Each structure stands twice: as structure tokens, then as C-alpha cells.
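Reader: I'd like to learn how to read a sheet and a helix packing from a model. Could you walk me through it?

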Amino acid sequence: MGLGRVCRSHGLLRAAPVAVLAVLAMGAALMLAAPVAAAPTVVVNTVPPQVKGEPVYDSKLVAAPGQWEPAEVTYTYRWLRDGAPIAGATERTYRVMLDDLHHRIAVRVTATDTVGGSGTATSEDTDKVIRATLQVRRPPAVLGVTRFTHSVRATPGRWSATPDRLHFQWLRDGNKISGADGPRYRYVPADVGTQVRVRVTAKAPGYDAARTTSPSAGRVGHRVDVRRTVTYHVETRGRITTSVAAFGRLAQQTYVDPRGWRGSGIRFRRVARGGSFTLVLAEASRVPGFSSSCSSEWSCRVGRYVIINQERWKHASPAWNAAHGSLRDYRHMVVNHETGHWLGLGHAGCPGPGRPAPVMMQQSKGLGGCHFNPWPTLHEQAGRTPH
């Protein structure tokens, strides 16, 4: 009996190594069946990223990610301004902002492969960001009637960006008109016969200032077109001590001035002899010889003769000089006044204190509360407009 137990025990001992081997084999099989986590790989940049596009305000920059190993990667982007991240700028494209002016832009690219490996590379900086060029889409225009005494206004035109500042400069035949720098302009005598345009300078944030000029609206006309032409010639009486040539030239300037009787539609043309009337420069003592109603102190008009007193022509009148009026304006006034008589107008009174005196008022003698004025008023011009 003892021997049998020993034998059975010995059999168990012999069987034990077999069981151990079976357990080990099972464990090995389980280990082979379990997935093994792959180690992250190294993602290497082989060609650096680039920023494509011009570093100009409001332009679009695009990131070229470059080349990487392995090739199967996804990208994320971070835009930089002078090396510092730009808040919110994480797309492949980037719109250049005002804050970027005078700074350099770069893009940092992160490439990630399918097992979580990643690498980072940064492009070279761009040149410093510059202002954009403001483009005109539609030029400015001058709106209104292109005639003396009328006011016109300028449109600003249309631009590639909305300007926050506009400057207007009016030009006469291409030359700057002093003081005419607003959106509205009133034609003056010097404009008649010229082309008046407006130059607009526009400024917008992020853009260089740009300027453009309106097209011509045509030559500026007189207040009304010519409706009647009169001719005259120049004569003298007595001893003349001033230049007759200058007298004739200055009188013609008065006649063609848009402020004068030309504003009534009357054109004055000088001829060598004859004509519709005679403009006379007379020595003071010779003026009464035309009529008993004329005085050696003043100028006069008798029939076809428009007589300018040489003393008044040379020295104006005491009242005019006391008011510090210019001699040139007095000469305009006296020619317009006496010619107005020839046109059929009588003397006028002051229309109200502080207002311009009608040219047909006897301004050489007094003003009655008006102020000196060498030109026919619009009311006087309208009264002599030929129909």
C-alpha cells in the first residue's frame, strides 16, 4: 500500500511539467494575439513653407506648406507678425490688416502623420507690409451750369475703398485756383473762356493717398450768350496828357469783362472809324463843348458820344479816393456808367444801405448809404438784356 501511494505520487510528479508547458504555451498565444502600439514617428520638413502673395494691406497671403517626410501628413497653420502669433490667424490664407503695416509676416506650419508624429517649420519673413494703392473706379465730376455767376459742385468719384478723407482743389486750365479747395465753387470773371476742373485727393486707411481730376465740363461761358454786337471807335478832344493807347486798351477790357455790360449779352467791338458810338477821351475844359448839360468836372454822354473826362480818368473823384477805391475800378465804373447812358439807362438811386451801388448811380458824387461798385448789378444787366 505504501508502495502504491509512492507510485501514484511519482506519476503526478511526472505529469507536472506537461501542465506547466501548456500554461506557458497559452500565455504566449495570448501575447501574440494582443495588438502592439506603434511608436510615434519623426515628421521631418524637407522643403520649408513659403508665404505666397504680396505683403500689401488688404491683400491675401497663402501658405505653401512645403514638403515633409513622410508625405502623408495633415497641416495646421499659425500666422506670425514679426515672429509673434497673430490672434485668430490659423487658416491657410491670411488677409493683411492695418496692424500689419510696416511689419513682416511669416507662417508656421505643423505637419502631423497618421500615428501622431509631428514636426514644425516656419517660413521666411516677408518684406515689410506696405500701403495699398487706391484705385479710381469712376472719376469725379463737376455738376451745374458752366457759366459765370453760377455755382457748381464736385462729386467725389468712386474708389476701390471708401475714403475717410477727401480734398478738393479747383483748377483753371490746369492751374490751381487759390483758395478754391472745397466741394463747391462759384465761377469768377477770370474763369470765362477757360476750362475749370476739380482735382480730388482721396485718403483711406491702409492706402496711399490717390488723386484724379474730373473731365472737362467745357469752357466757362458768360452769364448769357451774345445777343447783340455794337461797334465803337476812340477819339480825343483837347490836350491829352495820358496814353491814348492805354485808354483804348483799358476801355476794351471793361467792355469784355463778364461783370460789365457783356453780362447783358452785348458784345462791344472796336473799329477804326464810325461804329455805333464814339468813345471820347476829352480834356476837362472841352467836355462842356458837347452840351450845356455837361460839366468840366465830370464825364458825360451826348448823343452818340460817350465822353470820359481826362481828369477823372487820371485821378478818379474826391469821393472815390476818400473811400480808398482803386483807380482801375473807377475807370471801370466811369466807362460802364457813361456807356449805360448810351444804352438807354438813366440815373439810379441806392437800393438800400450797405448794398452795392448800381453802376448808373452817380457814385463820383456820393453813395447814399451804398458802397462803391464799378459794375452793373444783375438787375441792371437784366434790364438791358437784348431780346
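Author: Start with the terms: helices (H or I, at least four residues) and strands (E, at least two) are DSSP runs, numbered from the N terminus, and two strands pair if DSSP finds at least two bridges between them. The model is predicted, so local features need pLDDT of at least 70 and side-chain atom pairs count only at 80 or more, while totals for chains, interfaces and linings use all residues. Residues are numbered from 1 along each chain as its sequence is written, and side-chain values use heavy atoms, with hydrogens and water left out.

Reader: Which residue stands opposite T112?

Author: Strands of a sheet pair through backbone hydrogen bonds, parallel or antiparallel. Here S118 in β9 faces T112. Strand β8 (residues 105-113) pairs with β9 over five bridges, in the antiparallel sense.

Reader: In what order do the strands of the open sheet run?

Author: β6-β5-β8-β9, four strands with antiparallel pairing. At the edges sit β6 (84-85) and β9 (118-122), each pairing on one side only.

Reader: Now helices: at what angle do α2 and α5 pack?

Author: Axes are lines fitted to C-alpha atoms, for helices over the stretch in contact, and angles run from 0 to 180 degrees between N-to-C directions. For α2 and α5 (residues 327-342), the angle is about 70 degrees, with the axes 10 Å apart.

Reader: And T254, buried or exposed?

Author: Buried means under 20% relative accessible area, exposed over 50%, partly exposed in between (1.4 Å probe, protein chains only). T254, in helix α2 (residues 244-256), is buried because its relative accessible area is 1%.
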